[in-house]
Amino acid sequence: MFAKHAAPKRAHGAANRVRIVGGRYRSRLLAFPDGAGLRPTPDRVRETLFNWLGQDLAGWRCVDLFAGSGALGFEAASRGAVRVLMIERDPNAVAALETNRAALGAAVDIVRADALAWLAGNRETFDLAFVDPPFDSDTAASALAGLAPYIASGGYVYVEQASETAAPTGFVVHRSGRAGRSRFTLLMKEQRC
């Protein structure tokens, strides 16, 4: 999420740090760079999301589009996801993601690319996708359309943006909430019979 001229975000007294809230990396801090007002998903919202999903993601395949700080992807890895792929286009954010991956010893893959362009060439199926584009952008709908064929039956897509998320064809709203100006929605892909 992005906002112009935002002050550095603080977690536990440290500028540009965010805490992992659960799993094997619980309480570890992730550093992220200044840049276009990068705003990670708050601790409370991530805790709510992973309560909705259940705490154990063992065997899940996840993609974190618009990865930014990597908070969502690293949370998934912390909770046992077998595959976590982070897509981020900003070179400074990618460098921070790589540093955090090494510090945690996390088995995540990081790709420097535009999320929508990457989706156009994707052929991999995921159980969970995180869609947290720059705040006030209109890219979530395009990302959802691009992701739809690559979410497993019964899989989930988490969307965080300023406006309410409508479920695209083939998905239902599983849960939703609000934190300040942000609205967050967990979509579930309808299961095929």
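Q: In this predicted model, are Arg-46 and Glu-75 buried or exposed?
A: The cut-off for a buried residue is a relative accessible area under 20%. Glu-75 has a relative accessible area of 0%, so Glu-75 falls below that limit. Arg-46 is classed in the same way as Glu-75: both are buried.

Q: Which residue forms a salt bridge with Arg-46, and how far apart are the closest N and O atoms?
A: A salt bridge requires a side-chain nitrogen of Lys or Arg within 4 Å of a carboxyl oxygen of Asp or Glu. Arg-46 meets this rule with Glu-75, and their closest N and O atoms are 2.6 Å apart. The pair links distant parts of the chain, with Arg-46 in helix H1 (residues 43-53) and Glu-75 in helix H2, 29 residues apart. The partner is Glu-75, at 2.6 Å.

Q: Where is Arg-79 placed?
A: Helix H2 covers 71-78 and strand S6 covers 83-88. Arg-79 is in the loop between helix H2 and strand S6.

Q: Why does Arg-79 count as buried?
A: Leaving aside neighbours within four places in sequence, Arg-79 is in contact with several residues, including Val-21, Phe-50, Gln-55 and Asp-56. Buried means under 20% relative accessible area. Arg-79 counts as buried because its relative accessibility is 5%.

Q: Which residues are joined into one network with Glu-75 by salt bridges that share partners?
A: Glu-75 forms a salt bridge with Arg-46. The side chains of Glu-75 and Arg-79 also meet in a salt bridge, at 3.0 Å from N to O. Salt bridges that share partners join Glu-75 into one network with Arg-19, Asp-43, Arg-46 and Arg-79.

Q: Which of the salt-bridge partners Asp-127 and Arg-61 counts as partly exposed?
A: The side chains of Asp-127 and Arg-61 meet at 2.9 Å, N to O. This pair links distant parts of the chain, strand S8 (residues 126-131) for Asp-127 and strand S5 (residues 61-65) for Arg-61, 66 residues apart. Asp-127 has 19% relative accessibility and therefore counts as buried. At 29% relative accessibility, the partly exposed residue is Arg-61.

Q: How many aromatic pairs are there, and what is the geometry of Phe-130 and Tyr-158?
A: The count of aromatic pairs comes to five. In the pair of Phe-130 and Tyr-158, the ring centres are 6.5 Å apart and the planes stand at 70 degrees, so the geometry is edge-to-face.

Q: Which residues do ring pairs link into a cluster?
A: Phe-130 is buried, with a relative accessible area of 0%. Tyr-158 also counts as buried, at 0% relative accessibility. The cluster linked by ring pairs consists of Phe-50, Phe-130 and Tyr-158.

How values were computed
Residues are numbered from 1 along each chain as its sequence is written. This is a predicted model: local features need pLDDT of at least 70, side-chain atom pairs count only at pLDDT 80 or more; totals for chains, interfaces and linings use all residues. Side-chain values use heavy atoms; hydrogens and water are left out. Helices (H or I, at least four residues) and strands (E, at least two) are DSSP runs, numbered from the N terminus. Buried means under 20% relative accessible area, exposed over 50%, partly exposed in between (1.4 Å probe, protein chains only). Contact means heavy atoms within 4.5 Å. Rings of Phe, Tyr and Trp (its six-membered ring) pair if their centres lie within 6.5 Å; planes under 30 degrees apart count as stacked, over 60 as edge-to-face and the rest as tilted.
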